[in-house]
Amino acid sequence: MTLKEKFSLHNIILASNSPRRKQFLTDLGLDFTIKPANVDESFPLHLKDKDIALYIAEQKVSAFPNLDDNDIVITCDTVVWLENQSFGKPETLNEAKQMLMQLSGKTHQVISAVCIKTNSKTISFYDSTDVTFNDLENETIDYYVETYKPLDKAGAYGIQEWIGLVGIEKINGSYTNVVGMPMEKLYQHLIQL
């Protein structure tokens, strides 16, 4: 049975404005609606790496307190983690450039956490992928940030964009996780619902 058949009588809600997450669910063959969870994405300062992403994904799912029997809500959050520091979405182009300068020549972790909520249970999980940038020239960073304006992306970059083609030396782990949603893990959890 395909996911489309399994969930033909369900109302799947993707609580995200991300065009990449939307495309992933479309590629799975799912019918769904988009209802972004507009929540405060700040987090307690004692949280580290995966716990930050899990906390924010769970905050997003809490924006849907009352679900019908056939509702399924999917939320997600992605953080970039380098040297004990979290890189969220930059607020300015200058901040985006600073983030990329810090990531240049180093390996960082991209952690995406997902929550799936029905009226009877909530499932949370995450995936982590190591991403290694080669040394980025200032001109490369300036061109990318000014051309692609990656203010909607954790760590100020999208692996699927130009910077991924020219600046990423290697990844170890799930590619879709770096894009913003660990699809293989999501598929396994949906199949088991």
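Is Asp127 buried or exposed? Select Asp127 to start the tour: with a relative accessible area of 15%, this residue is buried, since the limit for that label is under 20%. Keep in mind as you click along that the model is predicted.

**Stop 1: Asp127 and its partner**

Lys185 sits in helix H8 (residues 183-191) and Asp127 in strand E6, so the contact ties together parts that are 58 residues apart in sequence.

**Stop 2: a network around Arg20**

Next, select Arg20, Asp152, Lys153 and Glu161. Salt bridges with shared partners join these four into one network. Zoom in on Asp152 and Arg20, whose side chains meet at 3.5 Å, N to O. Asp152 is in the loop between H5 and H6, while Arg20 belongs to helix H2, 132 residues apart. Arg20 counts as buried at 16% relative accessibility, whereas Asp152 is partly exposed at 38%.

**Stop 3: Lys4 and Asp31**

The whole structure has eleven salt bridges, and another one of them joins Lys4 to Asp31 at 3.0 Å, N to O. Lys4 lies in helix H1 (residues 3-6), and Asp31 is in the loop between helix H2 (19-27) and strand E2 (32-34), 27 residues apart. Here Asp31 is exposed, with 55% relative accessibility, and Lys4 is partly exposed, with 42%.

**Stop 4: aromatic rings**

Time to switch to rings: the structure holds three aromatic pairs. Select Phe133 and Tyr157 and look at the ring planes; they stand at 80° with centres 4.9 Å apart, so this pair is edge-to-face. Phe133 is in strand E6 (residues 122-133) and Tyr157 in the loop between helix H5 (138-148) and helix H6 (162-167), which puts them 24 residues apart. Both are buried.

Then move to Tyr144 and Tyr148, a stacked pair with 5.3 Å from centre to centre and 25° between the planes. These two are four residues apart in helix H5, so about one helical turn separates them. Tyr144 is buried at 0% relative accessibility, but Tyr148 is partly exposed at 31%.

**Stop 5: a charged patch**

Finish on the surface. Select Asp135, Glu137, Glu139 and Glu169 to see a patch of negative charge. Glu169 is placed in strand E7 (residues 168-172) and is exposed, with 51% relative accessibility.

Key: Residues are numbered from 1 along each chain as its sequence is written. This is a predicted model: local features need pLDDT of at least 70, side-chain atom pairs count only at pLDDT 80 or more; totals for chains, interfaces and linings use all residues. Side-chain values use heavy atoms; hydrogens and water are left out. Patches are made of residues with over 30% relative accessible area and no salt bridge: like charges are joined within 9 Å, nonpolar side chains (Val, Leu, Ile, Met, Phe, Trp, Tyr) within 5 Å. Accessible areas come from the Shrake-Rupley method with a 1.4 Å probe; for residues, only the protein chains shown count as cover. Lys and Arg count as positive and Asp and Glu as negative; His and the chain ends are not counted. The place of a charge is taken as NZ of Lys, CZ of Arg, CG of Asp or CD of Glu. Buried means under 20% relative accessible area, exposed over 50%, partly exposed in between (1.4 Å probe, protein chains only). Rings of Phe, Tyr and Trp (its six-membered ring) pair if their centres lie within 6.5 Å; planes under 30 degrees apart count as stacked, over 60 as edge-to-face and the rest as tilted.
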